[in-house]
Amino acid sequence: MAVADSSTGESVPYILVHSDREIRRLKHQADIINPITRRILLFAGIGPGMRVLDVGCGAGDVSLLIAELVGETGEVVGVDRAPAALAAAERRVANYPAKNISFREGDPGSLTFEKSFDAAVGRYVLMFQADPAALLRDAARHVRPGGVVAFHEPDWSGARSHPPSRNYDQSCEWIVETFKRTGIETRMGGKLDAVFRAAGLAAPAMHLEAVIGGETGGRDWAHQTNELMVTMLPEIIGRGVVAAGSIDPAAVEAGMMRDIAAGAVIMSRSEIGAWSRIADG
């Protein structure tokens, strides 16, 4: 997702595209990360009966998670600027038993709603913003006094392995360098406190977790990292991070699995949540 900065109209390109393959990758990622997001949202106070705005909802992974938390008496409205992602979200929700999820095309700065929300949330959205504080302000204006704003963002400085898996560590380095050359913030999780305060919100409470594993857990995350690298490969090459033809993703993943079998423990980027309440009055 790329949301235009409300004051300048500028945006950071969303380089992960919205292909069917990438949507499948995002689903696999959600299977791993959703337990962390769930805990962040519960800590933030998301619960039954709440009306929640899902900012940058993409293919609907977080919207579906929120729908479980708010229950049949609650409501979820997902917003995104990418029609392909919203089409995928609509298809998924059509097979979902609850009917409390809807989607809107656009961003919080340009959309209006018939009533305010109890909460505005987002996952992996602020890192793609030219002005993340502007997006937070836009999201917060749709939340009632006393409501909550909660965002989950990564900090790639946490990604590592021990004993070292050069294949995994190198993949993470390529991903991070490509993000940086594209203007995407790789350490947004650690910057959430400053971004919340810059948006005029109260200094947030924060929470950090990570995925870690060797033979158990590590293989899934290594595969997910390799799949992200495959999605990004045109940009990795196009941005000059590596030369064309110098990466064989299948060989890299096989190397990761050999490293894990030899005892390497894989640690993901840091998964950081932050939340604060809208002041009354």
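1. Strands β1 and β2 run parallel and are joined by five bridges. Two strands count as paired if DSSP finds at least two bridges between them. In this pairing, V52 stands opposite V76 of β2. Helices (H or I, at least four residues) and strands (E, at least two) are DSSP runs, numbered from the N terminus.

2. A word on the basis. This is a predicted model, in which local features need pLDDT of at least 70, side-chain atom pairs count only at pLDDT 80 or more, and totals for chains, interfaces and linings use all residues. Residues are numbered from 1 along each chain as its sequence is written, and side-chain values use heavy atoms, with hydrogens and water left out.

3. The sheet is open and has seven strands, in the order β3-β2-β1-β4-β5-β10-β7, with mixed pairing. Its edges are β3 (101-105) and β7 (205-209), each pairing on one side only. From one strand to the next, the twist averages 20°. Axes are lines fitted to C-alpha atoms, for helices over the stretch in contact, and angles run from 0 to 180 degrees between N-to-C directions.

4. Strand β2 (residues 75-80) also runs parallel to β3, again through five bridges. Here V79 stands opposite R104 of β3. Helix α2 (residues 61-70) packs on the sheet and touches β1, β2, β3 and β4. The direction of α2 makes about 165° with that of β2. Helix α3 (residues 83-94) lies across β2 and β3, at about 165° to β3. Five of the six residues of β2 are buried, so this strand is largely enclosed by the rest of the structure. Buried means under 20% relative accessible area, exposed over 50%, and partly exposed in between (1.4 Å probe, protein chains only).

5. D54 deserves a look. This residue sits in strand β1. D54 is buried yet has no salt bridge. A salt bridge needs a side-chain nitrogen of Lys or Arg within 4 Å of a carboxyl oxygen of Asp or Glu. The nearest side chain of opposite charge is R123, 8.0 Å away. For charge, Lys and Arg count as positive and Asp and Glu as negative; His and the chain ends are not counted. Leaving aside neighbours within four places in sequence, the contacts of D54 (heavy atoms within 4.5 Å) include V62, S63, I66, V76 and V121.

6. N34 lies in helix α1 (residues 20-44). Its relative accessibility is 18%, so N34 counts as buried. The side chains of N34 and R123 make a polar contact at 2.8 Å. A polar contact is a pair of N or O atoms within 3.5 Å; within protein, one must be able to donate a hydrogen and the other to accept it, and residues adjacent in sequence count only if both atoms are side-chain atoms. Not counting residues up to four places away in sequence, N34 touches D61, L65 and R123.

7. R21 is also in helix α1. At 28% relative accessibility, R21 counts as partly exposed. Its side chain makes a polar contact with the side chain of E227 (2.8 Å). Leaving aside neighbours within four places in sequence, R21 is in contact with E227, V230 and T231.

8. Helix α4 (residues 132-140) is mostly covered, with eight of its nine residues buried. Among them are P132, L135, L136 and D138. The cover over these buried residues includes β1 (51-55), β4 (117-123), β5 (143-155) and α6 (188-198).
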